[in-house]
Amino acid sequence: MEKFRDLSLSGAGAVVIIVPRNISSLSKEFLEEWIELEREILEEPVNIPVYFVYDDEAVMKVYEDVSHAITADQASSAAAALLDVFSTYGYQVVTSDISESKPRKDSSIFSLQGQLSGLGIEERLPTIAIVAHYDSFGIAPSLSFGADSNGSGVAALLELARLFSRIYSNSAAHAQYNLLFFLSGGGAFNYQGTRKWIAEQEATDGILLDVQYVLCLDTIGQSNSLHLHVSRLPKDGVPASIVQNFKKAANLHEPVTNFTVVHKKINLAEETLAWEHEAFSMRRLTGGTLSQRNSPDSEGRHSIFDRQFTSVNVGILKENTAVLAEALMGQIFDLDADSLSLVGDEFGVSEEHVGAWVQYLASFSRAAQLVGNEHAVLLALEQAFNRHLKDVRRYQAKSEKKDPELVFYDVAETKLYMYSVKPALFDLFLTAGVACYLALVFYAVQSFSAIS
């Protein structure tokens, strides 16, 4: 990090950071160093362009040449140093976008809503909302794939939608509960999509009026230790019942899923929310965020190194999703542990479905500034909602023009062209050589004229 600061302050034109592509081969300690470096750079004020590129053969060849040129003055002799001058190439780096990034006029964030209506008069039935943000975040938007944060949460939500649509299609198993599913955008930007959606629902007396509990999913694909983060301790009523059903469901699995409740009051002095449920809690809606992370500041939660094969264990994600499904079944059907076990066997979570969604989501950069109206992931999520849910709607959250809360810039990805060039000293010696040659030719011509 010190070297980065020195380059930033020394007047360097730009910094190119070579990121390992195959992070599965890295040791845990080395990967943690990369994640810590990413966090430090994010917090550092930088006045020069910083480019991130994956390592490959061509990039590493350039890196080796530049490293060799830097150490040329450490040669064992003057002759060796002179040889290095002539044999070492320099590089001129040019970007495809020569203009500076500019603020975009439209910084929209898109979210999706769908629901399953319970048995009875819909407006009189209680509702449980299941929420997850689908966007990813990292220091380089185009390289942030968010396999675990929050591809795992999205995959679990979609599997719950599939399972409960099957259950609700059976009249004998149709519960007297509405289930609301919400995929929000802008999770990494203080849950912008969620907060805008809540405000719109309040302004129109929308579906949130009947919500008993909001369950947010965030990063659940790597550990069988699950933490329910809450703003108020659940002492009685639906919140306490939800916790008890989670505990019952967690004990049904082998190995047993470790389930704990983490209480953290909302810090109103902070500008940003720690967890997504806090956006609902501030509007007097009871809820919690289920996560394997015991703290919102855990390393790797928002990182370009959060990729599928190192961040998500599909088997663990399947088990965690099963705990989720069984806890919700216990709540809406009022089932005991034995009944939960039977229901779990009948309506089992599909590891194939969950794994396929994680693989698909992790193959796209889902940074909020890159997800437009026709983004492939947004269209795929909307199609999945339409397949399993009813009353599917898309919400577009726009920033205020006069005083925007969020501003996106128009260049998130560019091409770097690296041209190999000889050092300036080589040109000096070449010029001197040409001058000597011309002098010899001139002398030879003059001598030949004198002899004639």
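**Spaces, contacts and salt bridges in a predicted model**

Q: How many cavities of 30 Å³ or more does a search of the whole structure find?
A: The structure is a predicted model, in which local features need pLDDT of at least 70 and side-chain atom pairs count only at pLDDT 80 or more, while totals for chains, interfaces and linings use all residues. Residues are numbered from 1 along each chain as its sequence is written, and side-chain values use heavy atoms, with hydrogens and water left out. A cavity is a set of points, on a 1 Å grid over the protein atoms alone, where a 1.4 Å probe fits but cannot get out. With the size limit set at 30 Å³ or more, the search of the whole structure finds 1 cavity.

Q: How many residues of the lining of the largest pocket come from strand 2?
A: A pocket is an open set of points with protein on both sides within 12 Å along at least five of seven lines, and the largest pocket has a volume of about 1,700 Å³. It is lined by 46 residues, of which Val-50, Tyr-51, Pro-141, Val-411 and Ala-412 lie nearest its centre. Helix 2 (28–43), strand 2 (50–54), helix 3 (57–70) and strand 12 (416–421) each supply at least two residues of the lining, and the largest share, from strand 2, amounts to 5 residues.

Q: Is Ala-368 buried or exposed?
A: Ala-368 has its place in the loop between helix 12 (351–361) and helix 13 (376–388). Leaving aside neighbours within four places in sequence, Ala-368 is in contact (heavy atoms within 4.5 Å) with Asp-135, Ser-136, Gly-186, Phe-189 and Phe-408. Buried means under 20% relative accessible area, exposed over 50%, and partly exposed in between, with a 1.4 Å probe and protein chains only. Because its relative accessible area is 6%, Ala-368 is buried.

Q: How far apart in space are Ala-368 and Ser-136, C-alpha to C-alpha?
A: Ser-136 is one of the residues in contact with Ala-368, although the two are 232 residues apart in sequence. In space, C-alpha to C-alpha, their separation is 7.0 Å.

Q: Which residue meets Arg-162 in a salt bridge?
A: Arg-162 is found in helix 5 (residues 151–168), and because its relative accessibility is 15%, Arg-162 counts as buried. Beyond its neighbours within four places in sequence, Arg-162 is in contact with Gly-348, Ser-350, His-353 and His-388. A salt bridge is a side-chain nitrogen of Lys or Arg within 4 Å of a carboxyl oxygen of Asp or Glu. At 2.7 Å, N to O, Arg-162 has such a bridge with a residue that is also buried, namely Glu-159.

Q: Why are Arg-162 and Glu-159 separated by about one helical turn?
A: Both residues lie in helix 5. Their separation is about one helical turn because, along that helix, they are apart by 3 residues.

Q: How many residues apart in sequence are the parts tied together by Glu-202 and Arg-283?
A: Glu-202 forms a salt bridge with Arg-283, and the closest N and O atoms are 2.9 Å apart. Glu-202 lies in helix 6 (residues 192–203), whereas Arg-283 lies in the loop between helix 8 (277–281) and strand 10 (287–291), so the pair ties together parts whose separation in sequence is 81 residues.

Q: Which residues do salt bridges that share partners join with Arg-5 into one network?
A: Glu-202 is partly exposed at 36% relative accessible area, and Arg-283 is partly exposed at 40%. Elsewhere, salt bridges that share partners join Arg-5 into one network with Glu-2 and Glu-44.

Q: Which residue forms a salt bridge with Arg-5 at 3.1 Å?
A: By the rule given above, the count comes to 8 salt bridges. One of the pairs links distant parts of the chain, 39 residues apart, with Arg-5 in helix 1 (residues 2–9) and its partner in the loop between helix 2 and strand 2. With the closest N and O atoms 3.1 Å apart, the partner of Arg-5 is Glu-44.

How values were computed:
Helices (H or I, at least four residues) and strands (E, at least two) are DSSP runs, numbered from the N terminus. On a 1 Å grid over the protein atoms alone, a cavity is a set of points where a 1.4 Å probe fits but cannot get out, and a pocket is an open set with protein on both sides within 12 Å along at least five of seven lines; lining residues have an atom within 4 Å of a point. Grid points are joined across faces, edges and corners, and a volume is the space filled by probe spheres set on the points.
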